[in-house]
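Subject: Structure for you to look at

Hello,

Here is the structure I promised to pass on. Please open it alongside this message; my notes follow.

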Amino acid sequence: MTPVAPAIVDTDHLAALESEAVHVIREVVAEFDRPVLLFSGGKDSAVMLHLALRAFYPAPLPFGLLHVDTGHNFGEVIAYRDQLVADLGLRLEVAQVQHWIDDGRLHERPDGTRNPLQTVPLLDTIERHKFDAVFGGARRDEDRARAKERIVSLRDAFGGWDPRRQRPELWSLYNGRHTAGEHVRVFPLSNWTELDVWHYIARRGVPIPDIYYAHEREVFLRDGMWLTAGEWGGPRRGEEIVPRMVRFRTVGDASCTGAVESTATTLEEVVAEVTASNITERGATRADDRLSEAAMEDRKREGYF
Amino acid sequence: MMSLLRLTTAGSVDDGKSTLVGRLLHDTSSILADQLDAVTRATLERGGGIGDEPDLALFTDGLRAEREQGITIDVAYRYFATPTRKFILADCPGHVQYTRNTVTGASTAELAVVLVDARNGVLEQTRRHLAVAAFLRVPHVMLAVNKMDLVDFDEETFRAIEEEFATAATSLGVDAVVSVPVSARHGDNVASRSERTPWYTGLTLLEHLETVPTGRDAVEEPMRFPVQLVIRPRTPEFPDYRGLAGRVASGILSVGDEVVALPSGGRSTVTGIDTPDGPIEQACAGESVTVLLADELDAGRGEVLSRPDQPPRVVTELDADLCWLSDNPLTPGARVLVKHGTRTVRAIVTELTGTLELDTLTHGESPETLSLNEIGGARLRLAEPLAVDAYATDRHTGGFLVIDAGNGDTLAAGLVA
């Protein structure tokens, strides 16, 4: 009757993180009426989707995807997204930031970046579809404000995050109760680091867009970052377009997501490069997070993910 | 393969906890160049630091209000790793909302590092930190005697604190405490051995963190499998598939096990354990899997699978300790929700049975109310039965949340008596 204890009781960290994320995803699907997964096509959302598929295997994914599209996308990422959606037969809702700009609900920023403009289309879409739980791939290691984020995080009727109203998160019991109009954001990758994500992609063979691998690209240098030339603003006068071997560490609005110089063309080489890197992915590649010490905190308070 | 350790830190105000956390991150190369630059800039702006060295405490600075007021409001999670182990550190503030935050941090921790300032020794607050770790049954407790540089790395000072702490720990039922003399500011005995403590021959703090056993307690406990949801694909490929999705809370689940689902009471046999990578024979505590049973039980979300000879208790009246986390005090008669495992039931707090004295972990007189950060015994009447274990025997199935049925706030952490 008593089972023989297995020889290894030390948990493998990736297996532990995977089991925790699957547990969180299942809890939320069990307790909420209308969940949705934010899907940007970046590596974190790719891992999120992979975990969600695992959580309900062999049943189909019990919720759809939502992409808030800034219109400033890398073509490879959109192609990857559409292929994945078609192959897996998923539901995808796209909220085009351009539509909000066209009808005057949003205004283009002087600096041309559209990352901060995603908040209003996101909140409008959540409200229109009455989504009550929104999965995201944010990690606590990304930013000091995210370090204090809960795994299941309550948002008020305006989508705002109030750090002082956060519920204590005890054991592995997640309290997602909310009143009408409120919703929760759910971050199953909270306890993952950038390196964990890469090791996991390698272990499970999670498909990711090609731009994460080194490739030759026409880029120009701004504020120490290699940005892609395009209609979204650049290069300005004095900024020279040059071909470079680069890869991306994050995928966001193309106007403010920088590439890093790299020769890593395989997953193994990318993992080795991330391991050796001495700069954080946001520091290396996100112009919008360099605005101030509290840039992310401010955006989160307004309803950003 | 890397293993995983969840830990928490507890310390009084100004005993250098933020500096220790910063030091651990720094010395495991978990702080990258751009973060170091930012902290070096901030150190200069605020006129602190030692010479040109960045103030390590600033690594753990969080929200704007915290920086402006120079305080920490909330638990922050930090990540660092060595080649053999990944660490998830719940960094709990020492002063504001003290109990609320340390209870939160301790609830998931397998190890608690309690900091003591070598100049001050064991304080009243130190005993509270220790008591919270004991109360939440954190499996390992470590004492870090910090600021050894300010007492000239004096062995006698260290030994006296070590002994006093060990005595306090023993009286609270915590045994085998490991003690390390450190200077978080200068790095002595944190990640590298100090030449200034030749009398100390033990492991460094980081070596302890790397070698302390993890995950063992849960697999030695009776098997518990709370059902999260039923997976029924109803696809052409899997027309009749019916699996119980969940995460093994404790013990080991094996194919062939006879199981009982509680509170409903249905019995069956485990015919398979499914994962997306294929079937497996056994699943250990912590693993998320899908269980296939021989019989189609009415065992959905909220049921707990266990072996019939080691079942949890099925109760409609619950004796528990409540750690009150809300600004609004608890008075008997309160109607609340209890969330335990995968089941949430309505409940009435019928009685407050005694305040917990943290010095001794014994119960005093019955209070009229229970206020923020207080811990006390209570009796709850449940609208529907729950299958529970005593927190003392199973940390993973003995804890529950008390929730405000109106606004959904988490009111208390509950520990089944």
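Arg137(B) comes after helix α5 of chain B and has a positive phi, near 55°. Helices here are DSSP runs of H or I with at least four residues, strands are runs of E with at least two, and both are numbered from the N terminus.

This is a predicted model, so to speak of local features pLDDT must be at least 70, side-chain atom pairs count only at pLDDT 80 or more, and totals for chains, interfaces and linings use all residues. Residues are numbered from 1 along each chain as its sequence is written, while chains are lettered from A and ligands numbered from 1 in the order in which they are written.

Back to α5(B). The helix covers residues 124–135, twelve in number. From first C-alpha to last it reaches 16 Å, close to the 16 Å expected at 1.5 Å a residue (1.5 Å times one less than the number of residues). Nine of the twelve residues are buried, meaning that 20 or more other C-beta atoms, placed from the backbone, lie within 10 Å of a residue's own; 12 or fewer is exposed, and in between is partly exposed. Among the buried ones are Arg127(B), His129(B) and Phe135(B).

Strand β1 of chain B, residues 3–10, is also mostly covered: seven of its eight residues are buried. β1(B) pairs in the parallel sense with β3(B) (residues 85–91) over seven bridges. Pairing requires at least two DSSP bridges between the strands. Thr9(B) stands opposite Asp91(B) in β3(B), and its bridge partner in β4(B) is Val113(B).

Next, the interface. 57 residues of chain B contact 49 residues of chain A, a contact being C-beta atoms, placed from the backbone, within 7 Å.

In chain A, look at Gly258(A). This residue sits in the loop between β9 (242–248) and β10 (259–261). Gly258(A) counts as buried because it has 23 C-beta neighbours inside 10 Å.

Finally, confidence. pLDDT is the predictor's confidence in each residue, from 0 to 100. Chain A has a mean of 87, with 90% of its residues at 70 or more. Over residues 1–9 of chain A, pLDDT is below 50. Where pLDDT is low, the predicted coordinates should not be read in detail.

Best wishes

Conventions. Two residues are in contact if their C-beta atoms, placed from the backbone, lie within 7 Å.
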